[in-house]
Amino acid sequence: MNYNLNSIAEQEKKSSSWAGLKNLLNLVAEERKRIFLSLSAILVSASLNLLGPFLIGYTIDHYVQTGKYHGVLVFAGILLGMYSIAFVSSYLQTQWMGGVAQRAIFKLRNVIFNKIQQLPVAFFNENKAGDLISRVNNDTDKLSQFFSQALMQFISSIITMIGSGVFLLSINIKLGLATLVPALVILIFTRSVSPWVRKRNALSLKSSGGLSAEIQESLNNFKVIIAFNRRDYFRKKFDVANQHNYKTAMGTGMANNMFLPVFGLFSALAQLIVLSYGIYLITESEFSIGLLVSYLAYSTNFYNPLRQLAALWTSFQVALAGWERISRMLSLESNLDIVKGSVAKASDSLLEFRNVHFGYTTSNEILHNVNFKLEKGKTYALVGPTGGGKTTTASIMARLYDPVSGSILLDGKDIKSYTSEERSKKIGFILQEPFLFTGTVRENILYGNEQYHEYDQESFLAVIKATGLEGLLSVFDDGAETKILSSGDSLSLGQKQLIAFMRAVLRKPDLLILDEATANIDTITEKLLGEILYKLPQETTLVIIAHRLNTIENADEIFFVNSGEVTRAGSFQEAMDKLIHHKRKS
Amino acid sequence: MILVLGGHYVINGKMSLGDFAAFNSYLALLIFPILIIGFMSNVIAQATASYGRISEMLERPDTIETGQLAANLTGAIEMKDVNVNYGEKPVLKHIDFSVRPGSRTAVIGPTAAGKTQLLYLLSGLIKPDSGVLTFDGHQIDEYKSESFYQKLGFVFQDSILFNMSIRENITFSETVTDESLQRAIETAELKDFMESLPDGLDTSVSERGLSLSGGQKQRIMLARALAINPNVLLLDDFTARVDNQTETRILENIQRNYPNLTLISVTQKIAAVEHYEQIILLMQGEILAAGTHKELMNTSPEYVQIFNSQKSTSNYEL
């Protein structure tokens, strides 16, 4: 499965604006009541605003021209009342929609984040973190702007336009038709350029995603950049990305701003038509002056919202482009699906590899036809030169990846039939470079531990003591309450490995995989770790990847991993011989 | 308002009906910009808040480049009573030691002893809170940072790779010559691996470098440090992820290809550094003992303890 979001983009065919709008509206489907309220508020304010000009025209014809001042005052009062009601309802509508938009975006961000959490490791290999952050933050913000500011104005503008159109046509059909001709031209123009504008916006969002990826990378790795004095190099790289972003943003800005002047031109044209044609009609005495005044007001009422629509249309196109980027991510399915219906066969082996082939890319196979069984309660060591496939084998054991062909049985059942919760309960995996969260040591150790996760300081320490782990806490300044800042930059790699070790041991998994998990820990502490492992329940199966022989010496069985093949070494001595004499291939 | 006043004027004949119509249209024109002003004041408020956040960052003082000296480090390094604190807590206490040009020094000690901090200190990533650190008699501040870092290579403990081609990851810029690039790759034992890749050096590394093994990443980090032809090389637990066979070859390669290099290596394995000119035993931020392997075996019980704990490992040289 292809997980590269930016390359998926190019394969996709563009959907129309309307289909896009429908998708966007689905986002807020749960807020129907509020939206309905807002809609009615809009209807009220729009229709009241629409009635205004008509009443003014009526007043002019019936009272002003005849000089009845009293009638003028009465109608002025009615207008005042109408306008205040319109004001109140439009205020309420803004309030409601603002809330709707914020909640919708809050929900959307949650959905996206959960999605990211579900996706397999391969997804993260193919996408840059910065670009993902930009999708979660920047793109959803574009949507939020659309919902809170644009959507209802959009609707209100359309209602006002339709209403004005109806009045225009009903007052005088000939004049009305003439007035609406420019609008038709605008409609055709908008339809034809919209897809292009949206494409430009998508490009611009993509390049700002690229920009944030650039920033993220150099922020994460600043110590290398400083120690190698490569600030200039990264400054240049950033300049290039920024320049690119600037260019696409400029192009997008040009495209976005094109609507406004064009709409403006045509609405001016329309007024010209009203005036000249209207006066002509008056001279032909088909039309009254009062009506012409109303008419002018209606045509303004028709074309002003149209001009607003130009601005809103842009915001709509931006939102659509953002939505496309987001929905592309949401439509990705994890390729590690859960297969139902695998029946457990009684088996003494905890984990079994059957004819497993694997490669990170299709062209480059890393593991070739791997077969082995791990029995319950035994300790296994994977040895072999760097790049031989040890970590890859371990990652497949923990189902970070699925094999290209062949199958893996966990407790006699296909590993694919376990949910990720069941699987991670059974398998503990300590990585070469453990990942820590900002928080305390205790929080990091208890993370994801169903049994102990609500433990406070005291009960936690009791558990630690019972497991024999308390000696390990002493390397942290404040013990279990030591603060961990910015994902563990304040700790040494050895300390991180200790936390990961405690985290995994406390979960009491059936299978514990240690991938060079103690490589950066001093040998004395390591002995302590060995003793703790020894104290694990009898049925725990251990898989240890290490270079240090003393960690391997106690293994029941040794597998030799080289050039993508896993072979069983009969004895410790045989493993040694293989290591020494085999030609390295990496 | 307009209707009332205007109506009044028109009835009284002070204003023509045409004027009134025009007036009405102008009013309609006026309303739209007023709406925009309301909208703009909102945008302006947001922009002001954003600008505040940005300028807060821009107004942080730049690190000032004070150094004038062009560094041509020989590798004579001296630390005198250097202390480093993180907040309240001392990380390194009264560190005193010196390194001769071209010599090899190993730093060993348990987890969280301050070994990595010591290397950060030597590379100028952190500054001593008190005490003096000199290279050839001059403090790091006195050197131009550009020339200082051209003579100092640092291999970090964690692998940090950028989402670029392997070539770019190693050279980082166009200033590294092909010759020194090749030498660095050979020294790091990466040549065979590079040749096995479809695009060789131009293969790109994904952001987190996940498609490479731990040892390969480490060796790329080493090649990066060697490609600048450093006079001083700092290794932070470099050998932890590389198997012993490769490690031995790499260390031999370094000796052969970079004969005058001053090497300071943080490590866990005594066996690999037994013959170094100086071994420093660091524990809880303090230097417990320093000297050759032989001296330490005679004088430091802690050292002997570590040595013994590794003995079983040392017996089997891979």
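Author: Happy to. One term before we start: a residue is called buried when its relative accessible area is under 20%. Also keep in mind that this is a predicted model.

Reader: Thanks! So how much of chain B counts as buried?

Author: In chain B, 52% of the 318 residues count as buried. The accessible surface of this chain is about 15,100 Å², and carbon and sulfur atoms hold 54% of that.

Reader: And how many helices and strands does chain B have?

Author: There are 11 helices and 10 strands in chain B. If you take its contacts with a separation of 6 or more, 71% of them are between residues 24 or more positions apart.

Reader: Which strands of chain B form the open sheet?

Author: Four of them, in the order E2-E1-E4-E5, with antiparallel pairing. Strand E2 (89-99) and strand E5 (138-139) of chain B each have a single partner strand, so they stand at the edges with one side lacking a neighbour in the sheet.

Reader: How many bridges are there between E1 and E2 of chain B?

Author: Strand E1 (residues 77-86) of chain B pairs with E2(B) through 7 bridges, in the antiparallel sense. For a spot to look at, find B:Met79, which is opposite B:Phe97 in E2(B).

Reader: Which helix lies across those strands?

Author: That is helix H3 (residues 115-122) of chain B, which lies across E1, E2 and strand E4 (130-135) of chain B. H3 runs at about 120° to E1(B).

Reader: What about B:Ser147, buried or exposed?

Author: B:Ser147 has 16% relative accessibility, so it counts as buried. You'll find B:Ser147 in helix H4 (residues 145-150) of chain B. Not counting residues up to four places away in sequence, B:Ser147 touches B:Leu69, B:Ala70 and B:Ala71.

Reader: Let's switch to chain A. How many residues of strand E10 are buried there?

Author: Strand E10 (residues 541-545) of chain A is mostly covered, with 5 of its 5 residues buried. A:Thr541, A:Val543 and A:Ile545 point one way, while A:Leu542 and A:Ile544 point the other way.

Reader: Nice. Which strands pair with E10(A)?

Author: Strand E3 (residues 379-383) of chain A is joined to E10(A) by 4 bridges and runs parallel to it; there, A:Thr379 has A:Leu542 as its bridge partner. Strand E9 (residues 511-515) of chain A also pairs with E10(A) in the parallel sense, over 5 bridges, with A:Asp515 partnered to A:Ile545. Together with helix H18 (residues 523-534) of chain A, E9(A) and E10(A) make a right-handed β-α-β unit.

Reader: Now the helices. At what angle do H9 and H10 of chain A cross?

Author: The axes of helix H9 (residues 231-257) and helix H10 (residues 259-283) of chain A cross at roughly 15° and come within 5 Å. Angles under 35 degrees count as roughly parallel, so H9(A) is roughly parallel to H10(A). A:Ala255, A:Asn256 and A:Asn257 of H9(A) meet A:Phe259, A:Leu260 and A:Pro261 of H10(A).

Reader: Last one: what does A:Asn201 contact?

Author: Leaving aside neighbours within four places in sequence, its contacts are A:Thr252, A:Asn256, A:Gln317, A:Val318 and A:Ala321. A:Asn201 sits in helix H7 (residues 173-220) of chain A, and with a relative accessible area of 4%, A:Asn201 is buried. A:Thr248 is 47 residues from A:Asn201 in sequence, with 8.2 Å between their C-alpha atoms.

Notes:
Residues are numbered from 1 along each chain as its sequence is written. Chains are lettered from A and ligands numbered from 1 in the order in which they are written. This is a predicted model: local features need pLDDT of at least 70, side-chain atom pairs count only at pLDDT 80 or more; totals for chains, interfaces and linings use all residues. Side-chain values use heavy atoms; hydrogens and water are left out. Helices (H or I, at least four residues) and strands (E, at least two) are DSSP runs, numbered from the N terminus. Buried means under 20% relative accessible area, exposed over 50%, partly exposed in between (1.4 Å probe, protein chains only). Contact means heavy atoms within 4.5 Å. Accessible areas come from the Shrake-Rupley method with a 1.4 Å probe; for residues, only the protein chains shown count as cover. Two strands pair if DSSP finds at least two bridges between them. A crossover is right-handed if, with the strands pointing away from the viewer, the path from the first strand over the helix to the second runs clockwise. Axes are lines fitted to C-alpha atoms, for helices over the stretch in contact, and angles run from 0 to 180 degrees between N-to-C directions. Angles under 35 degrees count as roughly parallel, over 145 as roughly antiparallel, 65 to 115 as roughly perpendicular and the rest as oblique.
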